[in-house]
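Please look over the sequence and the structure shown below before reading on.

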Amino acid sequence: MASITLSAITKHFGSVEALQTLNLEVQDREFVALLGPSGCGKTTTLNILAGLETPTTGRILIDGKDVTDMPATGRNLAMVFQSYALYPHLTVRRNIAFPLEVRKAPKKEIVDAVARAAALLDIEPYLDRYPRALSGGQRQRVALGRALVRDPAAFLLDEPLSNLDAVLRLQMRAELSGLFRDLGATALYVTHDQAEAMTMADRIAVFSAGRMLQFAPPLAIYRAPADRQVAAFVGAPPMMFLDAVASEDGTVRAGPLTMSARHLPVLPGTPVVLGLRPEDVSPTGNGPEAEVILVEHYGGQQVVTLKAAAARLTMTAPPNVRIARGSQIAVSVAPENLYLFDPDTGRTLAAPGLDPRMTKS
Amino acid sequence: MTDRQTLLLCLLPALLLLAVTQFYPLAQSLRVSLHDWTLARSPVMGEFVGGANYLRVLNDRQFSGALSFTLSLALGSTLLSLAAGFALALLTLGEDWRFRMSRTLLLLPMVIAPVAVGTVWRMMLAARIGPVNEALRALGLPTPNWLGDPRLAQFTLTVIDAWQWTPFVMIVMSAALASLPSEVLRAAQMDGAGRALILRRIVLPMVLPVLLLVAMFRMVDALMTLDIVFTTTGGGPGFATQTLGYWIYVQGLRYFNISYAAAASWLLLVLCMATAAGFLVWRKRIMAWQGGQ
Amino acid sequence: MIRGALVTLALAVSLGPFVVLVVNSVRPSDAFLASGAGFIPSEITFDHYRAVFGGDGDTLRFLWNSVVVTAATTVLALLLGAPAAYALARLKLPFRLSIVFALAFLIVRFYPKITIALPYYLIMRDLGWLDTHLAVILAHVSITVPFVVWLMLGFLEELPREIEQSAMMDGCGAWGRFVWVVLPLSAPALGAAAVLTAFTSWNEFLMASTVATNSAKTLPVRISAFITDKGILWGNMAAMGSVIVVPVALFALATQRYLVRGLTAGAVKG
């Protein structure tokens, strides 16, 4: 396994700027998620690292060696594609053996390696079948097998679970996590699913519109997002944003709602954007009253939509509390759970994970 | 060797072959057409004469005769095969085994050598003993001299050419019809349109680009017709059924008027390429017009 | 129903001549001239076939020439055309250059071969290759390669890129990807290209008659010269015609799927 460095990478497609100056350092044995909405540049980053695309500027280093000018065939990276990209005219066995056959490995080594990969991924019964006879989940395992069978410097995965149904996706998520941990593998994992990124990664790189917004461990991203975009992207149900004004008494006023913040890093009267996570909204306490307009019961929890004057709030509630539409609930949020963002730049001014002494106004 | 080098090496042999066996002779032909060379008079090429050969060709009565026949054959055969081919595509539409078998059997005229087609039809249309006239005679109908009468022979050749290539039109139009989105047709039915209306207002416009492409291939190929003339009439009676291709063949490879034939062949080349270009432009215009609606 | 009647009529018109040809090939000579003789001959003879194959008929040699030329043309056209198409599909060239290359292949289809026939003859004469199989084969390959390229190009553009990218990641160079991944997956397109090339070469007349002046003649050249000065030997002509037509027709029926695929590939795309 190896460390990976992307240094000052940019990518232009004609006049379109797909990636703005990107600096990313992945440590040996680290599992990094590249997270972001469609078109944000995460797949482009992966392709550049793989060698399938060339960067407009910048260098790529694998284990300290500059591979920028080396074609994909020589970089010794294993890639799992979103569509699995199995060779339809080869059996599963030959699919997995292919990377070794290309390298002209000795026959015995190939047979052993294929057997090991098949055992690890539980696909021994399918070895002599063709990809078209397999289900999505089985094909995905074969794609993984083909990546595992050699000893790559790192694994690159491009939304490998997005074509699976929800149940299978959860199952595979856990399996993949365990697998890569056991292997001690360096991996870059592209996804638009924040739950996947949160649960699987050592660190997450959040992308938007060609820029990397933040590169940090999952909880840091959750509790100390670099800006409003990152905060909006991570967390389900997503964060609510309200336009607010800071007041003299250390509170933040958003319409009828007044929240006291732990620390206000701005002058009174300054407009801010208030961020609240639904799970931080509690139905007790001395906050303002809001009317329940929608209750969605998920079985394990409820998501309640409330209206307070013009503002809409979302709140999560445990499954066995009865909440009726039209009822009035007093909501409140603990001061330390408030997020504050600059209305113009979106930069985070205050967040639960940010040390108040370190934010400036 | 890098990927790029490998790919260039893959491209090279084919391009090289074309350069040597097609483009170089093409350039040579042009060069020869600008000089004076008749094999009867000298085994090597003579002096530069510029466009003299071209002028002679254009003033040659046989050339204008061949030109007018070639144009009428090309136009007639194209229109005939388009109509018949499209009609057959419509008639044999469907997955029923009888239609599928019919489509297969109907493609046979196109797979045999044009020279053989000429031979076969020469036999069929022989004035006295050919089966066609035998049948007409049995029915008490007149038995025309299909290949012996100048005007009739021109018509006959046009029909023979159409006979051979109608299957080509049928096959392509069958595929085009099969690829029409069925929801559009169903929507039209729901809107109350009858079969004829659907055909005229929906199907035809949608397959028009393909139809034009097929028409282009047919027209250009028909302009080059040569093989069929060889084995049916040999250009006769007189010179009535000489196509441009056949006339050039005779001039160049029988009488060895090398530079004369070269000039005429370049005129034919220009005619063919202009026709192809014209169709492509027309088709593009139609597609843009349809897309913009 | 009218539809059935019309289709039957079309079948009769299309297939009638074939039937007549075969029937005439076994009809005794005297049965031709007697008009009023029935359609079905009262007795059949193989004299015409014997005449055509034996003696100075020499048909067997020309049949062999056709077989050699067609087989070699098909193999060579695929050998040159498929890699060229792969290169055109995957090579990143400046826009102008890629148009030039594509045009170079396309343009061959649209000019009359009579224009190059005589110069080609002279080139072959100067090389001393007149009347050889090679001369005919080279001419045929140059005519059919553009079509192979066009057919394969359309097909290659539909192949999912990710499979080749996968092979790239697995360490496979361009030639390896072509041989181990692209070619196996292109089998149907290759089949169509092979069938169409074979037909084109087997039926080609102009170039073959230009450079094959004597012993290298192919069947189409042979049949074109069938009018002897003794007058028209209808029976022999019919036998000769059957030799050309019947095997080709049977082959077409057997490979019709590939034939249709090849013909419709380019036309119906956009």
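How many residues lie between β17(A) and β18(A) in the hairpin that they form, and which residue in the turn has a positive phi? There are two residues between these strands, and Ala309(A) in the turn has a positive phi of about 55 degrees. Helices (H or I, at least four residues) and strands (E, at least two) are DSSP runs, numbered from the N terminus.

This is a predicted model, in which local features need pLDDT of at least 70 and side-chain atom pairs count only at pLDDT 80 or more, while totals for chains, interfaces and linings use all residues. Residues are numbered from 1 along each chain as its sequence is written, and chains are lettered from A and ligands numbered from 1 in the order in which they are written.

**The hairpin and its sheet**

Strand β17 (residues 302-308) of chain A runs antiparallel to strand β18 (residues 311-317) of chain A, and seven bridges join them; within this pair, Val303(A) stands opposite Thr316(A). Two strands are said to pair if DSSP finds at least two bridges between them. Glu289(A) stands opposite Ala330(A) in β19(A).

**The six-stranded sheet**

Another open sheet of chain A has six strands in the order β6-β7-β8-β3-β9-β10, with mixed pairing. Because β6 (77-80) and β10 (211-216) of chain A stand at the edges with a single partner strand each, one side of each is left without a neighbour in the sheet. From one strand to the next, the twist averages 15 degrees, where axes are lines fitted to C-alpha atoms, for helices over the stretch in contact, and angles run from 0 to 180 degrees between N-to-C directions. Val32(A) has Arg203(A) as its bridge partner in β9(A). Helix α4 (residues 136-148) of chain A packs on the sheet, touching β6 and β7 (154-158) of chain A, and its direction makes about 175 degrees with that of β6(A).

| Strand pair | Bridges | Direction |
|---|---|---|
| β17(A) and β18(A) | seven bridges | antiparallel |
| β3(A) and β9(A) | four bridges | parallel |
| β16(A) and β19(A) | three bridges | antiparallel |

**Chain A as a whole**

Chain A has eight helices and 22 strands, and its C-alpha trace spans about 75 × 45 × 35 Å along its principal axes. Of its 361 residues, 41% count as buried, a term for residues with 20 or more other C-beta atoms within 10 Å of their own, the C-beta atoms being placed from the backbone. An automatic or database domain assignment gives the domain bounds, and chain A is divided into domain 1 (4-229) and domain 2 (238-358). The C-alpha centres of these domains lie 37 Å apart, and their contact takes eight residues from domain 1 and nine residues from domain 2; two residues are in contact if their C-beta atoms, placed from the backbone, lie within 7 Å.

**Chains B and C**

The contact between these chains takes 71 residues from chain C and 72 residues from chain B. Helix α1 (residues 2-25) of chain C gives the largest share of the chain C side, twelve residues.

Technical notes: A residue is buried if 20 or more other C-beta atoms lie within 10 Å of its own, exposed if 12 or fewer, and partly exposed in between; C-beta atoms are placed from the backbone.
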